[in-house]
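Please open the structure in your viewer and keep the selection panel at hand.

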Amino acid sequence: MLRLIGSLSFIWLLMAISTAAQPWPPVLDADGQPLRSGVEYYVLPGVTDVGGGLTLVDRNGSCPLYVGQEPLAPMVSRGIPVVFTPRVGDTIIRESRDFTVEFSGASTCGQSTAWMVGEENPETSRRYVVTGMEPRPSSTLWYFNIENNGQGVYALRWCPNCLTTNCPRPACESAGVIDENGKRLLILDGSAFPFIFRRA
């Protein structure tokens with residue numbers, strides 16, 4: 001009998017440890033629910049009085065469109081909903097795990113609304129987040145992830161996971177928001193902007 005109790009206690013302990021030690025916890029929306037693949041969410045600022053949600057922005061009067069933030073206004077817009085798709089088969093978006101992200105609906109350019117890391121601006125050394133091309137699974141430029149700052153808000157990052165034993169690790173960068181000629185644009189510059197996610 002003592003051996004049975006010891007065995008059951010050991011099994012219970014293993015189950016408790018495996019449940020508590022999930023390596024990649026789910027990203028939670030503003031209602032405390034896990035973000036799900038294929039579901040539309042607004043990406044909103046995690047602080048007030050800085051602008052609206054993320055949207056498509058015409059940066060320079062031509063295509064492609066850039067990922068940016070709705071301006072601060074008396075009636076702040078939530079922006080355009082996005083859909084997250086995990087890189088590795090899962091139905092939940094998890095912290096520090098790669099996903100692609102795409103705005104719902106069509107752009108005025110008639111191009112893809114999937115996000116990707118653009119080329120570095122030689123004048124500022126900034127990399128913008130752009131749209132306009134179809135995702136290529138072989139490229140890491142399409143894969144973003146989310147990091148929890150521990151205070152109920154998240155940072156969007158470009159830091160693709162290596163899925164093989166031999167691949168170069170890119171420089172990890174957090175997404176920030178800058179004001180450029182009156183337009184708020186999402187850039188990779190190491191200064192993390194806080195975001196929350198609300199189901200559309």
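**Disulfides and a buried threonine**

Select C159, which is buried at 7% relative accessibility (buried means under 20% relative accessible area, exposed over 50%, partly exposed in between, with a 1.4 Å probe and protein chains only). The model is predicted: local features need pLDDT of at least 70, side-chain atom pairs count only at pLDDT 80 or more, and totals for chains, interfaces and linings use all residues. Residues are numbered from 1 along each chain as its sequence is written, and side-chain values use heavy atoms, with hydrogens and water left out.

Strands are DSSP runs of E, at least two residues, numbered from the N terminus. C172 is partly exposed, at 35%.

The count comes to two disulfides. C63 is in the loop between β2 (54–57) and β3 (66–69), and C109 is in the loop between β5 (99–103) and β6 (116–120), 46 residues apart. The S-S torsion is about -95°, so this disulfide is left-handed.

Finally, select T131, in the loop between β7 (127–130) and β8 (145–148). T131 is buried, at 3% relative accessibility. Its side chain reaches the backbone oxygen of L65 at 2.9 Å.

Note on methods:
Helices (H or I, at least four residues) and strands (E, at least two) are DSSP runs, numbered from the N terminus. A polar contact is a pair of N or O atoms within 3.5 Å; within protein, one must be able to donate a hydrogen and the other to accept it, and residues adjacent in sequence count only if both atoms are side-chain atoms. A disulfide is a pair of cysteine sulfur atoms within 2.5 Å.
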